[in-house]
Amino acid sequence: MGCCPSTAAGTSHRANGVNPRAGHLGFIRTGSFIALETEQRNPPYGNRAYEPLPAEFVGIHSNHGIKPRGIGTGAVAKINQDRGVISYPFAQSSDQLLVGVYDGHGPHGERISEHVSFEVVETLEANPLEITPGSTEDDPPNALRRAIVAVDEALKAKHNVPSFESGTTACVALVRAQRVWVACVGDSRAVKATRSPSGNSWFAHDLSVDQKADNPEEQERIIRFGGYVSPASAALGPARVWQGGYGIGPGLAMGRSIGDHAVSEYGVISEPVIEESPLSEEDECLVVASDGVWEFMSSQEAIDIIFRFKHNASDACKALIEEATLRWRRREGNYRDDITAMVVLLPILDKLNPKRLSAANGMSRDRIMTVSANGADGEKMTSVEMVDVEGSKSPRSPSREIASGESPMDVAKMQSGTFVERRLSTLNTAETSSD
């Protein structure tokens, strides 16, 4: 997996569903970054892992699943169909951050989650007044709801992104200083950790509900629309949605999804459930993760793991994924689902304020770095370019060492990709207006 920037609303950035190329950039925020594989390293930068935001504050990592080899023993890697995306500043505002986890499934699940993860960001930013703090039209719950449903509707018409028997979950959190809104479709989950009175532990508070196919509300709607929900069992696995009878259709293991249009007329909907939660001084972190984490781990167990690494979000995120991986091995042997987690320490906006970052890192505030992943057909792109607002470019060696004074925001690293540094005078304007 890689780290990818999202473009401004209305800018075409994909061909045949692939990630955006550097030449198509046209956005005015720091960037949207996809979670890296936990073991991912880039040789030119030694063992120093790429972190799009400071590792002590934000951890974004993913781990591909495995499946039995089929002949003999052992396992082989699966295509990672998860995507975890963080966008900051969001909608031209350093007063909010967007975190999203998308768990793709089906024959083309990775294409659906890739497409949806950026389309949600861009659809939200296409109506900025609805997600602008202080705006008279500011309405995060309805903005999230409308954006996710609109992305699903648009997906139906995109023949180059096959969504008939493939789809994705979405667990999207819009974080502000004193409040967080979570929009959930499917069985990815968001959890908030609150400090205990003694300070010796954190308590978990779920900010979303896993929408399994046999949840009473989901099952009632599916049956009403003519669908059939097979019960969960040790022999057949989780409860699944079918087209009117067992074995007919893809057998979806959740009641809501983006995509999976083969069962949309049988009661599977893309409308998210929205939860709103205040943030207080006692709230310590936010976790958003795919069901690869939650399959064999409770929310409180996850928070207990993160607490042990509470001074570094990236270390906490990796520890969470490693423990989830171990539990899959113990329970399922040579099978493991994709696992993606994002850990955000609170109060995150105070920690990520652009003025504080630029002062701490010695960065010029009108210069940012963004990254785009593999191009069409997966070809490697390893050029590094400096791009100013007029579009002039100067090559830069991709193999140079990280200087001692540089931060993760200065030098982006990924498995294979194009690095772009863009001069954005508009970022200064946004910062000035937020004073």
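A crossing of two helices is left-handed if the near helix is turned anticlockwise from the far one by less than a right angle, and right-handed if clockwise. I noted that before opening the model.

**Ground rules.** The model is predicted, so I take local features at pLDDT of at least 70 and side-chain atom pairs at pLDDT 80 or more, while totals for chains, interfaces and linings use all residues. Numbering starts from 1 along each chain as its sequence is written, and side-chain values use heavy atoms, with hydrogens and water left out. Helices (H or I, at least four residues) and strands (E, at least two) are DSSP runs, numbered from the N terminus.

**H5 against H6.** I looked up this pair for its handedness, and the crossing is right-handed. On the H5 side I find Glu301, Ala302, Ile305 and Ile306 in contact (heavy atoms within 4.5 Å). H6 answers with Ala316, Ala319, Leu320, Glu323 and Arg327. The axes, which are lines fitted to C-alpha atoms over the stretch in contact, come within 8 Å and cross at roughly 135°. That makes H5 oblique to H6, as angles run from 0 to 180 degrees between N-to-C directions and oblique is what remains after under 35 degrees (roughly parallel), over 145 (roughly antiparallel) and 65 to 115 (roughly perpendicular).

**Cores.** Next I checked the largest nonpolar core, 27 residues. Such a core is a set of buried Ala, Val, Leu, Ile, Met, Phe, Trp, Tyr and Cys residues joined through side-chain atoms within 4.5 Å; buried means under 20% relative accessible area, exposed over 50%, partly exposed in between (1.4 Å probe, protein chains only). Cys285, Val287, Val293, Ile303, Ile306 and Leu320 touch the most other members. H6 gives the most to this core, with eight residues. Apart from it lies another core, of 26 residues, including Val99, Cys171, Leu286 and Ile348.

**Val293.** Leaving out residues up to four places away in sequence, I get Leu320, Ala324, Ile339, Thr340 and Ala341 as its contacts.

**Leu207.** I found Leu207 in the loop between strand E12 (202–206) and helix H3 (216–224). Leu207 is buried, at a relative accessible area of 7%. Among the residues that Leu207 touches are Val180, Val182, Lys192, Glu275 and Leu286. Ile274 sits 67 residues from Leu207 in sequence, yet their C-alpha atoms are 8.9 Å apart.

**H2.** Last stop was helix H2 (residues 140–156), with 17 residues. I list Ala143, Leu144, Ile148, Asp152 and Leu155 among its buried residues. Their cover includes helix H1 (109–125) and strand E9 (170–175).

Note on methods:
Expected span 1.5 Å × (residues − 1).
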